[in-house]
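The sequence and structure come first.

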Amino acid sequence: MPARKEKKSTIHTPGATAGTKKAVPPKNETKANALPISCEDAFRPRTTLPVVGIGASAGGLEAFEAFFSAMPADAGLAFILVPHLDPTHGSIMPELIQKRTTMPVLQIKDGMRVEPDTVYVVPPNQNLSILNGTLQLMELSRPRGVNLPIDSFLRALARDQGANAVGIILSGTGSDGTLGVKAIKGEAGMVMVQDEESAKYDGMPRSAIATGLADYVLPPGEMPGQLVKYLRHAVNKKTATILADDGRMPDALQKICILLRSRTGHDFSLYKKNTILRRLERRMHVHQIDEVKDYVTYLQKSEVEADILFKELLIGVTNFFRDAQAFEALRGKILPELLKEKPDGDTLRVWVAGCSSGEEAYSVAILLQEVMEDLGRRFNVQIFGTDIDEDAVNAARAGIYPASIAGDVSALRLKRWFSKQDNQYRIKKSIREMLVFAEQSIIKDPPFTKLDLICCRNLLIYLGPELQKRLIPLFHYSLKPNGILFLGSSEAIGQALDLFAVVDKKWKIYKRKSLSAAAARLGLELPVAPAIRESTQPQLPEPIRKTEELSAFQLVETILQQVNAPPCVIIDETSNIIYVHGRTGKYLEPAMGKVSVNILDMARPGLKMDLAAAIRGATANQQECIRHGVAIEHEGGHLSIDLIVKPVLDHRALRGLMMVIFQEIDLPAKKKSAVKQSSTRKKNDTVENLEQELQYTRENLQTTIEELETANEELKSTNEELQSTNEELQSTNEELETSKEELQSLNEEAATVNAELQSRIDELSITNDDMKNLLDSTQIATIFLDIDLCVRRFTPKAVDIIPLSGIDAGRPINHFATALIDTDLAEDAHEILQNLGMKEKEVRSKEGAVYRMRIRPYRTVNNVIDGVVITFEDITVLKEAQAALNTLNAELEQRDRQRSS
């Protein structure tokens with residue numbers, strides 16, 4: 001007993017030792033992926049009991065059994081099991097696991113409080129949550145195939161238990177548990193995952209391992225030993241005292257920051273000390289290192305550990321529409337007002353700083369797209385997502401997320417903005433094209449400028465006060481007048497009320513105030529990269545530089561103003577005019593009828609044919625095409641020009657556009673007069689031929705136009721039919737995807753039920769063997785009859801009385817002749833079924849054997865009468881001995897009478 005008490009006392013919350021104060025996060029520090037801390041949460045007592053949440057699906061029963069077979073019963077931990085269960089079928093999992101451990105295994109009831117050395121199993125058809133160490137059951141909020149019970153519970157466990165939370169992912173299909181793993185790591189908890197080789201189904205373990213957040217990847221049988229080692233080491237809190245009394249960063253932490261800076265190029269010395277400390281403690285517990293100086297040595301030798309610690313410090317935990325009410329406030333009020341002030345076609349620039357794997361950046365893009373649709377307006381949206389984690393940025397660029405995001409994204413948004421591929425969701429192209437992702441540090445790299453919105457949520461809480469004071473003026477500098485700053489719910493602008501006005505106090509949305517240039521730059525320290533500091537001309541990193549090009553219209557205006565260009569227009573691929581330079585009224589005029597900006601429709605008489613030919617030539621050859629001496633009707637006469645059409649190839653932003661230049665030819669006066677006289681002499685000779693050719697050409701052209709219109713109508717009709725077919729196929733595909741998800745969920749539940757039933761079958765088989773051997777060893781003839789008095793089963797000894805064989809099961813007992821004299825078994829059995837009593841009597845066989853026959857009702861476990869049981873105990877020897885004893889007693893009595901007489 002003393003040893004057990006000592007063992008329990010070694011399991012405490014990571015972060016405290018006896019005689020030292022626990023290092024707690026600041027009040028305003030909320031981890032990513034966590035709900036805002038309320039007053040009640042901030043002052044509630046925290047349990048010191050480590051709580052282990054274990055999720056599994058198909059193949060999970062074998063993993064559970066292997067885990068608990070190796071788990072000590074006195075480790076002082078509470079285990080909460082969340083398997084995927086069939087909601088319509090009762091579970092016997094608690095009974096099966098109870099055979100593998102001496103700890104009590106309980107099916108959870110609403111309001112249960114977690115206790116040490118106890119295993120809790122969620123019941124079917126219920127979601128599980130935890131609050132202040134108390135388990136709460138909830139009705140399923142989503143249909144089968146969409147419900148994610150493991151993610152839901154692990155998130156609740158992370159919020160409730162913080163660093164005490166341990167998440168374990170075992171065998172299963174799909175990706176349930178992946179977001180829960182991220183939540184636990186965001187709260188400095190510990191994560192273990194079953195290795196793919198030992199998992200019967202490796203979908204869930206593979207998805208969890210792919211996050212890069214698993215502390216240990218082991219077979220289930222090896223997890224308990226490592227789990228106990230980790231938690232026992234957590235009591236040695238020498239790392240909790242490494243901060244100097246005056247709050248200065250001690251040498252050990254400075255060395256760690258230097259090593260990280262050398263390895264990653266990023267300086268963490270101005271991050272909050274407690275944030276660094278907690279992450280450092282976790283890594284020391286994982287490796288069972290007691291002294292910080294030993295960890296520094298280990299860090300110097302292991303580049304892998306430096307990369308892992310770098311990832312730990314980044315806390316890259318996020319999800320779609322985190323703090324849903326905050327995003328609703330942004331969508332409902334802020335964004336409509338922001339867009340209302342902009343003209344159609346204007347550029348909207350957004351910067352999502354610390355975007356991690358892109359969920360928040362895509363959330364903003366989805367909101368902007370929805371607001372533009374609501375307003376019926378279109379804008380050129382540029383969203384820049386930046387982060388210092390290369391792997392996270394690559395994941396954001398891919399735009400592929402696990403199926404478990406269905407817990408954060410509504411079904412309508414999933415259908416509109418995502419496509420389902422191999423049990424994963426991919427962002428649709430219409431949203432993906434709005435974003436550019438790049439590696440960038442807001443601390444040392446140049447910021448974006450002329451922004452309409454900056455979204456920097458749950459990043460400032462991990463930075464020290466000095467960094468926060470530097471970044472708030474930087475955000476003010478980057479935003480346009482009246483630009484919006486969107487911070488996390490636990491963040492604030494501090495004393496910078498002269499820079500920003502509060503728009504939504506609860507959700508920390510601010511609007512930029514206008515200041516004079518001098519006042520705006522007062523205290524502003526623009527970050528510049530090392531390479532930039534040495535250069536006289538600052539340059540942004542290549543991925544960002546490409547996104548910072550001027551808009552197409554600005555480029556066109558700049559180009560044409562730099563040269564004395566003749567009248568010209570810029571057209572797009574469809575020959576629509578998008579920009580006009582100079583006076584072009586001599587060459588173009590509005591067409592009659594519906595307003596059109598197509599240059600061919602606007603061409604004056606005499607220009608259209610040459611213009612169309614020149615555009616076709618320039619498009620086909622991607623080089624300049626010139627048509628000399630083109631005659632255009634103008635003010636009752638003719639105007640001669642050189643027509644030049646050339647593609648714009650020099651500027652990336654203008655690719656696909658073409659410039660049409662109208663260069664008027666100045667002819668000398670004498671030459672003009674001579675030309676006029678010559679043309680007059682020839683006019684009478686050629687006018688008739690020209691009119692005939694013109695009429696012929698017009699007829700051919702009209703025929704061609706009619707044929708083209710007919711073909712266009714047919715193509716339009718065909719296109720509409722194809723679109724309709726495509727919509728039907730898309731609808732069918734969505735229905736198939738839904739059916740697939742439901743079938744997958746059913747398959748997982750069926751696999752769990754099958755495993756439970758197989759275990760029960762094995763158990764019943766053993767019990768059946770035990771009963772058979774017991775009945776055979778008693779040498780008592782026993783016959784089991786059903787409710788219709790048909791033979792159900794019998795023991796071998798019964799064959800001596802009634803000639804039964806294995807094929808006689810199911811035959812009525814009165815069909816058999818017995819070796820008994822004056823005994824009707826069917827009548828006696830019927831009597832017992834009538835009075836439900838028990839009957840006992842002695843019967844004799846034709847061979848002279850004597851049996852004690854007992855007949856009693858056959859009762860099921862539920863106390864239902866389902867037949868009778870007849871036993872025959874051979875008492876022939878007993879009767880013979882009793883007869884001999886009676887004879888001897890009679891002889892003795894006779895002798896006594898003779899003596900007395």
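## Salt bridges

Arg155 is buried, at 14% relative accessible area (buried means under 20%, exposed over 50%, partly exposed in between; 1.4 Å probe, protein chains only). This is a predicted model, in which local features need pLDDT of at least 70 and side-chain atom pairs count only at pLDDT 80 or more, while totals for chains, interfaces and linings use all residues. Residues are numbered from 1 along each chain as its sequence is written, and side-chain values use heavy atoms, with hydrogens and water left out.

A salt bridge (a side-chain nitrogen of Lys or Arg within 4 Å of a carboxyl oxygen of Asp or Glu) joins Arg155 to Asp408, with the closest N and O atoms 2.7 Å apart. Arg155 lies in helix H5 and Asp408 in the loop between strand E12 and helix H16, so the pair ties together parts 253 residues apart in sequence. Helices (H or I, at least four residues) and strands (E, at least two) are DSSP runs, numbered from the N terminus. Asp408 is also buried, at 19%.

Glu360 and Arg322 form a salt bridge at 3.1 Å, N to O. Glu360 is buried at 4%, and Arg322 is buried at 5%.

## Hairpin

Strands E25 (residues 781–785) and E26 (residues 791–794) pair in the antiparallel sense over three bridges; pairing requires at least two DSSP bridges between two strands. Leu785 has Val791 in E26 as its bridge partner. Five residues separate the strands of this hairpin, and Leu789 in the turn has a positive phi of about 60°.
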